[in-house]
Each structure stands twice: as structure tokens, then as C-alpha cells.
Amino acid sequence: MSLTTWRLPADRFPLRLLQLSDCHFLPQPGDTLIGVDTEKRFQAVLEALQRHPQWPPDLLLLTGDLVQEPLAAPYRRLHRYLASLPCPWLALPGNHDDPRLLAQILCRERHHCAGQVILGDAWQLIALDSHLPGSHAGRLAPSQLDWLGNCLGRCRLPALIALHHPPVAVGSRWMDTMQLQNAETFWRQLEGYPQVKGIVFGHVHQVFSGRCRDIPLWSAPSTCFQFKPGSDDFAVDALPPGWRWLELSSHGRLRTWVERLADLPGGLDFDTRGY
């Protein structure tokens, strides 16, 4: 994916970013995964958000696994939903994605893929590509790590970093086998850059909040189905789809919270042992 820097003008603060993750659009409309019509749940999330008093966000951040299978058709359907929204977006790939197709279909004009966004000359968002071909785990290529260091070295604005795979264990044994493989190298790259105010990720289909090397980390719930926190083996949780808001002040402060739909997705299969 191209490593680009773009600017998002802002004339008011706080800036509001909306994180959506792990949408898992399926090859055909009406297809289900773990009993759930993932596209229908994504549509329900968008409908709820468009009634939200803080809608629209200044930027929509999509943190990977946007499709279940790396095919053009589900990306095109996702693009139709996104193109109807009154806000720019930034998308980055997860392990289920095809970074080339994602960039080709979703990222054009004011919509971008993994890169650096200067937010109103007050913040920077650095989105990284942790996709590792042939693996559910993630890895940051040397070019991504160099890009991260270059962004932080040349721009001292407060920084929010986004990637798909968690750079720490989240406490679910089965999920922790699929985290960022070179997390230690990632953390070393952040040394000496106190402007990093937080890291957000997807992948885990659950809400995680933690801290590593004095940097806070947060995950976002999935827009379709959730995994049970603290589980040794694959387990589905009885929580509705959701999203994360990130509120960035002009003074380098960050506030974040999670919201959810009111209802569980219909057809959710709690007995499944994988997907």
C-alpha cells in the first residue's frame, strides 16, 4: 500500500474520529458467518450512527478485516455504503483483506489507505499495514516500520497510531497466537517519541483497554459479532455490534469510548468452534 501523507483541515475542536472494524463482508449479499448476516449488521450500525448526535465524524477509521474473503465484489458493496457518507475515511487491511484490492476499490479521491493524516495541524494519525500474507497473525514490514519512524521523526504533533493486529496480548489464549509477530520491534521504534498518545487496533472482536510502555491501547468491537474476552478457546460473546469514538482536543488530549447497537444479531451461533 502506498505510504502517503495527506491533510484533513479542521476549523473546530475536538476532532471526532469513528473507528469501525472487522466488518467481514461476505462474497454475496445475504450470506452468513456464524449465523450472522454481516452486511446487514453493518447497515444497522450505519443507520444507528446517522441518528447519533455526534454524527458525522471528522474522519472514519476502518481497521481491517473489512471482508471475509479477498474478493472484489464485497469491497465494491462496502464502497457503496461508504460513498453515501458525508465524511472522509481511511482504511487499513487486516488478515482477511487483500491490500491491493482494498486500495484499488476503497481508496480514491479524499479516501485513503494506510498512511499519515495531519489532522488540523494539531494531531497526526499514522495508519499501518500489518497484513502478513498466508497468516492470521500480523507483521509490520521494514518499510512500514521505517515509515512509522519517519512520520514521528519529522512531525512532533501528538500522534495516534492505528493498525489491525494488536501489538500486545489481550488475554485470550487462542487470539494471542495471532497478534503482531514483531511487536517488540514496533515498540522499539516508538522509543524516544513521547508525542504518541495512543494506539488503536481491530482483529480481536472485543473491547480491550490497556497500557504498554506508558502508551494507552484500545481495540474496537466488531460491526458483526463479538469474541468472548479472556477465553482460552474460540468463543462467541453475547454482546451486540459496536464502534469506538475517539475525541482529539487541540491540546493533545484524547478521550475515547465504545457504543453498541441495542440488540444482538439475529441467528448468532453460540455453539460454533471457529469461523
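I worked on a predicted model, in which local features need pLDDT of at least 70 and side-chain atom pairs count only at pLDDT 80 or more, while totals for chains, interfaces and linings use all residues. Residues are numbered from 1 along each chain as its sequence is written, and side-chain values use heavy atoms, with hydrogens and water left out.

**Strand β2.** I took strands as DSSP runs of E of at least two residues and helices as runs of H or I of at least four, both numbered from the N terminus.

I then looked up the pairing partners, where a pair needs at least two DSSP bridges. β2 runs antiparallel to β14 (residues 242–248) over 5 bridges, with Leu-15 opposite Leu-248. β2 is also joined to the parallel strand β3 (residues 59–63) by 4 bridges, and there Leu-17 stands opposite Leu-59.

**Gln-124.** I found Gln-124 in strand β7 (residues 123–127), buried with a relative accessible area of 0%. Its side chain makes a polar contact of 2.8 Å with the side chain of Gln-116, and a polar atom of the Gln-124 side chain lies 2.9 Å from the backbone oxygen of Cys-155. A polar contact is a pair of N or O atoms within 3.5 Å; within protein, one must be able to donate a hydrogen and the other to accept it, and residues adjacent in sequence count only if both atoms are side-chain atoms.

Conventions:
Buried < 20%, exposed > 50% of the residue type's maximum accessible area, 1.4 Å probe, protein only.
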